[in-house]
Amino acid sequence: MPEISLATSIPGPKSAALLERKRRSVPDGVSVTFPVFVESADGAILTDVDGNRLIDLGSGIAVSSVGNAHPKVVKAVQDQVAAFTHTAFGITPYESYIELAELVASITPGDFDKRTMFVNTGAEAVENAVKIARRYTGKPAVVVFDHAFHGRTNLTMAMTAKQAPYKTGFGPFAPDVYRVPASYPFRDGLTGAEAAERTIYQIETQIGAANLAAIVIEPIQGEGGFIVPAPGYLAALVKWANENDVVFVADEVQAGFARTGDMFASQFEKIEPDLITMAKGIGGGLPLAAVTGRAEIMNAAHPGGLGGTYGGNPISLAAGLATVHVMIDDDLPAKARAIGEALLARLGAAAKTDARIGDVRGRGAMVAAEFVVPGTTKPDAHAADAVIEYMAQHGVVVLECGTDGNVIRFLPPLVITDVQLAEALDVFDEALRATR
Ligand SMILES: *Cc1c(COP(=O)(O)O)cnc(C)c1O
């Protein structure tokens with residue numbers, strides 16, 4: 001029995017009708033990539049309102065790492081929502097906030113005293129990391145990178161590299177945000193040391209450490225194209241930041257929480273960020289995000305300076321605690337490594353027979369294929385789009401990324417079965433053949 005089962009074409013009639021209602025009630029700016037409306041989901045399977053069963057290789061953008069509707073997460077949420085729903089941690093607090101802060105401190109890199117605060121979204125985590133770094137250093141500037149994605153609020157739009165669709169027409173943007181080149185081995189051919197030298201030269205000459213509060217970088221860039229920096233690049237930046245009173249912030253919102261085969265991508269690089277922002281996978285599907293870091297930096301902000309009505313909502317925290325325990329107890333980092341081996345093997349083989357795939361890269365269950373015009377490194381978004389569209393029509397949800405929109409990213413739930421993954425990758429191979 002195949003895992004995918006399509007009762008209708010995609011979209012089916014019920015999804016098509018809902019899309020029409022969506023068009024009349026929801027602004028066009030809130031766009032929908034896959035025209036399938038979900039009715040239920042379990043692990044890596046999505047079932048839509050027309051009775052189609054699809055394999056999910058996107059995890060709702062790296063969120064449902066423990067699988068959709070994980071029973072332990074469901075139970076924790078049900079118990080919490082029945083006990084109490086909201087009091088505002090800043091008014092009358094509750095233990096789960098502290099419990100998850102302790103747990104996060106114990107699994108994040110760095111054997112030093114840490115503090116953790118909770119918010120609702122990745123963008124909010126990044127905003128708070130910048131607030132904290134500015135307060136701690138007393139300096140204004142923030143360095144971000146080519147291909148970076150940090151969110152859709154005003155400050156994080158300024159920090160995000162890609163213009164369309166994230167920023168177009170939404171300015172003016174927050175000041176004192178400076179963009180520098182990162183490391184992109186497929187395109188720059190530089191070693192980690194060379195790329196770091198280029199980055200640091202630009203920071204020193206164009207911004208100056210004396211003005212710089214923080215460097216904010218994704219250890220593996222997500223929306224920008226699953227770009228894995230050359231070995232040693234991140235460590236060199238951390239060293240420079242440490243020597244120059246600059247707070248090093250690892251934005252692990254997408255790469256964190258078992259996704260890359262370690263609990264955090266920073267661990268593979270053997271770096272200890274001063275602050276780490278996290279979201280997506282931590283909440284098991286509920287909105288939850290966090291900033292963790294060195295106690296002296298986190299404590300620089302005065303009482304009342306940090307917080308928010310819903311930050312560390314008890315229902316999200318219950319989900320987060322259950323989620324992180326599942327990741328530890330079921331050793332999901334190991335599962336991510338196994339998925340990574342399978343993905344790299346299958347995509348690598350595909351690249352050998354299809355010259356449109358210029359690069360296959362990633363770590364753990366965060367792997368991508370970059371599409372180019374054969375024989376060149378010129379990005380080919382149309383090729384990637386055609387493959388994604390074919391896969392959607394044949395029951396596999398897979399996402400695009402990349403500044404040029406030419407990268408297909410594979411972000412399966414870490415609980416996907418071998419059979420499900422193999423079947424989804426068969427559809428990828430078919431899609432390559434059908435669109436060649
Ligand atoms: C998704 C993402 C964000 C923004 O998270 P939201 O929850 O959408 O605000 C920030 N940083 C990175 C690296 C991301 O992938």
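The model is predicted. Its chain is divided into domain 1 and domain 2. A ligand sits among residues that include Ala123, Asp251 and Lys280. Asp251 also makes a polar contact with Thr277, a buried residue.

**Two domains**

- Domain 1 is made of two stretches of the chain, 13–56 and 331–435, while domain 2 covers 71–329.
- The C-alpha centres of the two domains lie 26 Å apart.
- The contact between them takes 31 residues from domain 1 and 30 residues from domain 2.

**Around the ligand**

- Which residues surround the ligand? They are Thr121, Gly122, Ala123, Phe149, His150, Gly151, Glu218, Asp251, Val253, Gln254 and Lys280.
- By class, this shell has three nonpolar, five polar and three charged residues.
- Ala123 uses its backbone: a polar backbone atom lies 2.8 Å from an oxygen atom of the ligand.
- Asp251 uses its side chain: an N or O atom there is 2.7 Å from a nitrogen atom of the ligand.
- Lys280 also uses its side chain, with a polar atom 2.6 Å from an oxygen atom of the ligand.
- On its own, the ligand has 380 Å² of accessible area, and the protein covers 82% of that.

- Lys280 is in the loop between β9 and β10, and β10 spans 289–294.
- Phi of Lys280 is near 40°, which is a positive value in a residue other than glycine.
- Lys280 is also one of the residues around the ligand.

- Thr277 belongs to strand β9, residues 275–278.
- Is Thr277 buried or exposed? It counts as buried, because its relative accessibility is 1%, and the cut-off for buried is under 20%.
- The side chains of Thr277 and Asp251 make a polar contact at 3.0 Å.
- Leaving out residues up to four places away in sequence, Thr277 touches Ala125, Val126, Ala129, Val249, Ala250, Asp251, Glu252, Val253, Ala290 and Val291.
- Two residues in that list, Asp251 and Val253, are also among the residues around the ligand.

**Ala133, a buried helix residue**

- Ala133 is in helix α5, residues 122–137.
- Ala133 is buried, because its relative accessible area is 0%.
- Beyond four places in sequence, Ala133 touches Gly138, Ala213, Ala214 and Val247.
- Ala133 and Ile215 are 82 residues apart along the chain, yet their C-alpha atoms are separated by 9.4 Å.

- Asp56 lies in strand β3, residues 53–56.
- Asp56 counts as buried, because its relative accessibility is 4%.
- The side chain of Asp56 reaches the backbone nitrogen of Ser59 at 3.0 Å.
- Beyond four places in sequence, Asp56 touches Ala44, Leu46, Ser64, Val397, Pro412 and Pro413.
- Asp56 and Ala174 are 118 residues apart in sequence, and their C-alpha atoms are 36 Å apart in space.
- Ala62 lies in helix α2, residues 59–62.
- Ala62 is buried, with a relative accessible area of 2%.
- Phi of Ala62 is near 65°, a positive value in a residue other than glycine.

**The loop between α6 and β6**

- This loop runs between α6 (154–159) and β6 (177–180), and Pro165 lies in it.
- Where are the cis peptide bonds? One joins Ala164 and Pro165, with omega about 5°.
- Another joins Gly171 and Pro172, with omega about 0°.
- Pro172 lies in the loop between α6 and β6.
- Phe170 is found in that loop too.
- Phe170 touches Met157 and Pro165, not counting residues up to four places away in sequence.
- Phe170 and Ala300 are 130 residues apart in sequence and 32 Å apart in space, taken from C-alpha to C-alpha.

Key. Residues numbered from 1 in each chain as written. Predicted model: local features only at pLDDT ≥ 70, side-chain atom pairs only at ≥ 80, totals over all residues. Heavy atoms only, no water. Near = heavy atom within 4 Å. Polar contact = N/O pair within 3.5 Å; in protein donor to acceptor, adjacent residues only side chain to side chain. Areas by Shrake-Rupley, 256 points an atom, 1.4 Å probe, with all protein chains shown as cover. Nonpolar A, V, L, I, M, F, W, Y, C, P; charged D, E, K, R; others polar. Helix = DSSP H or I, 4+ residues; strand = E, 2+ residues; numbered from the N terminus. Buried < 20%, exposed > 50% of the residue type's maximum accessible area, 1.4 Å probe, protein only. Contact = heavy atoms within 4.5 Å. Domains from an automatic or database assignment.
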